[in-house]
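This briefing is meant to be read with the model open beside it. Please look through the sequence and the structure first, and then follow the topics below.

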Amino acid sequence: MHRIKQSLLKKISYPVPGYSNNIAYMFGGISATAFLILIVTGIFMSQAYIPTFAGAHSSILNSIQSIPFGDFMTSLHFWTANLVVILLLFHLLRVFITGSYKKPRRSTWLTGVALLGIVVIYIFVGTVLKADQEGIEALGHLRESFGLFGLHLGLTNFGVPIITQLYAWHTTILLLALISLVGMHIALIKFKGISSKPTKGSVSTVTAGTGNSTFLVHLKKLVGFGLIFLAAASIFAMIFPVPIGHPGLLNQEVTRPLWMFWPFFGLEDIFGLKGLVWGMAGFFTILASVPFLDRGKYIEYAKRKIVLSLGLLFIIITVSLGVYSKVHVAEDHLGLEASTTTTEIASPTSSVNKKASADQLNLNRQLLRSESIYLMPLMIAVGGLGAWIAFKKEKDSETNGSKSQ
């Protein structure tokens, strides 16, 4: 057993640059921790979720108010999903600023952009699965988006409710895609190495096998930051439990989407549904094209002023659209005919005579409050342990004269 342990430690003690232990280079790794949390909480939630229009919303309410740790796990799932988008955006921003997308790391960048896209789709589908007003409006946008390309997406397809089909995507197809992309991304980083720092005269090269630290040290710090993330997301879940709206009504739009969709809904307010669809497609196309538009070998800031300026402009436009969507009065963009939807959906909330509400339900969170009495100190301790591991001074092992690039 000792020999196996020593062999494993030796394999993961390969050289990496010391600067990779900086928090700025940890966002991607912390995201992997977030994915694990999402999988664990998702498995827990699936035990009580009923993937039908008639049962989805009520099953979530039952889980929150009646099942031990149901509210906590649902809220932790919600907050982790929100925070992982922030982590990925910060990671993407760091990679862009440091020029780490350049050849030979184009494929690493592309898998990262694909991961962001999968996460956004994941969150969108998860929103629909709530089957509250926000979820049903998201479903309406999905159906009308398909309609732009002449495709009919019914509330039942092949005799199966669409919410059941989306649940299958959420728990299997998207999960397989996520795991595959994460695996590819990690493998590419291992083979290509951590990108050099953008110092004067720096160029993009393969750096695998070089550095004045080790991956074992990096992994220890990553575990520490992962525990801090778990603690932070858990505390958010206890203080700000997941909001759930009223059961959704068809063909009425009164809510705003989650914050990561605001820029695209800003385009919808300006250009209609086509603005949303093509805006989202354009956003990811621009991200994917970055390493092909900036082909220069240099990664230092002074030689990339134009690219960095264009990146800043892209961020300003994206944020401005998001702000516009937030402050602009919500508009009704859903144009599906009531006769084609109210007869398809097996839910008592589909009556056209009812008025949709953007308000959140005032739920009984007594179970969560009771559990928080011991969960809160536990998560504070977990966060403290994570901070000790993450910020503990490690003696970087020199690797046979290899230098940080």
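In this predicted model, Lys190 is placed over the face of Tyr14, at 4.6 Å from the ring centre. Lys303 likewise lies over the face of Tyr298, and here the value is 4.8 Å from the ring centre. The points that follow turn to the chain as a whole, then to its aromatic rings, and lastly to a patch on its surface.

**The whole chain**

- The secondary structure of the chain consists of 12 helices and 4 strands.
- With a radius of gyration of 23 Å, close to the 22 Å that the globule rule gives for 405 residues, the chain is as compact as a globular protein of that length.
- Taken along the principal axes, the box filled by the C-alpha atoms comes to roughly 75 × 50 × 40 Å.
- Of the 405 residues in the chain, 48% count as buried.

**Aromatic rings**

- A pair of aromatic rings is described by two quantities, namely the distance of the centres and the angle of the planes.
- Searching the whole structure gives 16 aromatic pairs.
- One of these pairs is formed by Phe78 and Trp79, whose ring centres are 5.5 Å apart and whose planes stand at 80°, so the pair is edge-to-face, since an angle over 60 degrees counts as such.
- Phe78 and Trp79 are both buried.
- Trp79 also pairs with Phe236, and because their planes are at 25°, with the centres 5.0 Å apart, this pair is stacked; the cut-off for stacking is under 30 degrees.
- Trp79 belongs to helix α4 and Phe236 to helix α8 (residues 215-239), so their pair ties together parts that are 157 residues apart in sequence.
- Phe236 is partly exposed, with a relative accessible area of 33%.
- One aromatic cluster is formed by Phe78, Trp79, Phe236 and Phe240.

- A nonpolar surface patch of about 910 Å² is made by Ile86, Leu89, Phe90, Leu93, Ile97, Trp259, Tyr301, Ile315, Val319, Val323 and Val327.
- Helices α4 (70-97) and α11 (305-327) each supply at least two residues of this patch.
- Which helix gives the most to the nonpolar patch? The answer is α4, which contributes 5 residues.
- Ile97, one of the residues of the patch, is found in helix α4, and with a relative accessible area of 34% Ile97 is partly exposed; residues of such a patch need over 30%.

Note on methods. Residues are numbered from 1 along each chain as its sequence is written. This is a predicted model: local features need pLDDT of at least 70, side-chain atom pairs count only at pLDDT 80 or more; totals for chains, interfaces and linings use all residues. Side-chain values use heavy atoms; hydrogens and water are left out. Patches are made of residues with over 30% relative accessible area and no salt bridge: like charges are joined within 9 Å, nonpolar side chains (Val, Leu, Ile, Met, Phe, Trp, Tyr) within 5 Å. Accessible areas come from the Shrake-Rupley method with a 1.4 Å probe; for residues, only the protein chains shown count as cover. A salt bridge is a side-chain nitrogen of Lys or Arg within 4 Å of a carboxyl oxygen of Asp or Glu. Buried means under 20% relative accessible area, exposed over 50%, partly exposed in between (1.4 Å probe, protein chains only). Rings of Phe, Tyr and Trp (its six-membered ring) pair if their centres lie within 6.5 Å; planes under 30 degrees apart count as stacked, over 60 as edge-to-face and the rest as tilted. A charge sits over a ring if NZ of Lys or CZ of Arg is within 6 Å of the ring centre and within 35 degrees of the ring normal. The radius of gyration is taken over C-alpha atoms; the globule rule is 2.2 Å times the number of residues to the power 0.38.
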